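Colleague: I would be grateful for a close look at one part of the model shown below. Please connect that part to the rest of the chain in your reply.

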Amino acid sequence: MFRRLSMVLAAAPAKAFRVAVIPGDGIGKEVIPWGQKCLEAVQMYSGLRLQLVPLEAGYECFVKTGKSIPDATIQELSTCQGALFGAAATPSPAPFGYVSPVIDFRKRFNLYANVRPMKSVPVDTPAARSNVDMVVVRENTECLYVAREKFDLLNADRVAIAERQVSEAASLRI
């Protein structure tokens with residue numbers, strides 16, 4: 001993995017990569033500053049130049065502006081080569097007009113692949129596994145992410161229903 005990263009960095013152009021930084025809500029405000037420190041370390045040790053672009057999105061943004069993702073955030077994101085996104089709160093039930101920015105980002109920018117590489121690291125614990133080297137890839141725009149949810153108001157047990165969608169096209173592209 002590090003060999004591939006160093007090859008990418010060596011081929012990196014002199015201009016800075018624009019990276020949107022969107023803390024969002026809750027834990028996002030705690031983890032994003034640490035993610036930024038990691039990006040700063042990458043810059044320091046690799047020579048890669050990043051221009052961090054602070055942007056807004058999330059439930060708190062919706063409460064302030066009426067939109068979970070302001071138009072200015074969408075416009076700036078379209079000029080960025082990457083994004084660092086924290087978290088978004090989604091109250092239940094969601095207020096009228098609220099759309100989760102996570103779902104909106106995925107649909108709007110066609111972010112269909114959730115790629116999670118995993119590799120063992122040396123840890124002195126009985127539960128540690130020394131031979132893990134795998135990548136899990138999950139389709140990110142369908143399944144329950146279609147956000148088709150409703151309440152069955154006629155049911156005395158107060159039932160919530162989430163519709164799941166799995167298409168052949170989405171399955172094949174992942």
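How far is the sulfur of cysteine 61 from the closest cysteine sulfur, and in which residue does that closest sulfur lie?

Modeller: The model is predicted, so local features are reported only at pLDDT of at least 70 and side-chain atom pairs only at pLDDT 80 or more, while totals for chains, interfaces and linings use all residues. Residues are numbered from 1 along each chain as its sequence is written, and side-chain values use heavy atoms, with hydrogens and water left out.

The closest cysteine sulfur to that of cysteine 61 belongs to cysteine 80 and is 16 Å away, too far for a bond. A disulfide here is a pair of cysteine sulfur atoms within 2.5 Å, and a search of the whole structure returns zero of them. Cysteine 38 is likewise in no disulfide, its nearest cysteine sulfur being that of cysteine 80 at 19 Å. The surroundings of the two residues can be stated by relative accessible area (buried means under 20%, exposed over 50%, partly exposed in between, with a 1.4 Å probe and protein chains only). Cysteine 61 is buried at 3%, whereas cysteine 38 is exposed at 52%.

In soluble globular proteins, nonpolar side chains tend to be buried together. Helices and strands are named here as DSSP runs numbered from the N terminus (H or I, at least four residues, for helices; E, at least two, for strands). Beyond its neighbours within four places in sequence, leucine 55 is in contact (heavy atoms within 4.5 Å) with Ala20, Val21, Ile22, Pro23, Thr73, Glu76 and Leu77.

Glu76 also takes part in a salt bridge. The term denotes a side-chain nitrogen of Lys or Arg within 4 Å of a carboxyl oxygen of Asp or Glu, and the structure holds seven. The closest N and O atoms of arginine 18 and glutamate 76 are 2.4 Å apart. Since arginine 18 is in strand β1 and glutamate 76 in helix α4, the pair ties together parts that are 58 residues apart in sequence. Arginine 18 is buried at 18% relative accessible area, while glutamate 76 is partly exposed at 31%.

A second bridge joins lysine 29 and glutamate 60, again with the closest N and O atoms 2.4 Å apart. Lysine 29 lies in helix α2 (residues 28-46) and glutamate 60 in helix α3 (residues 59-65), so this pair links parts 31 residues apart in sequence. Lysine 29 is partly exposed at 43%, as is glutamate 60 at 41%. A further bridge, between aspartate 71 and lysine 67, has an N to O distance of 2.9 Å.

Helix α2 deserves a description of its own. Its 19 residues reach 26 Å from first to last C-alpha, close to the 27 Å expected at 1.5 Å a residue; the expected span is 1.5 Å times one less than the number of residues. Gly28, Ile32 and Gly35 are buried in α2. These buried residues fall within an arc of 60 degrees seen down the helix axis, so they line one face of the helix; the arc is that of the directions from the axis to the C-beta atoms. They pack against β1 and β3 (82-87). On the other side of α2, Glu30, Trp34, Met44 and Tyr45 are exposed. Just after the helix, glycine 47 adopts a positive phi of about 85 degrees.

Asparagine 110 follows α5 and has a positive phi, near 55 degrees.
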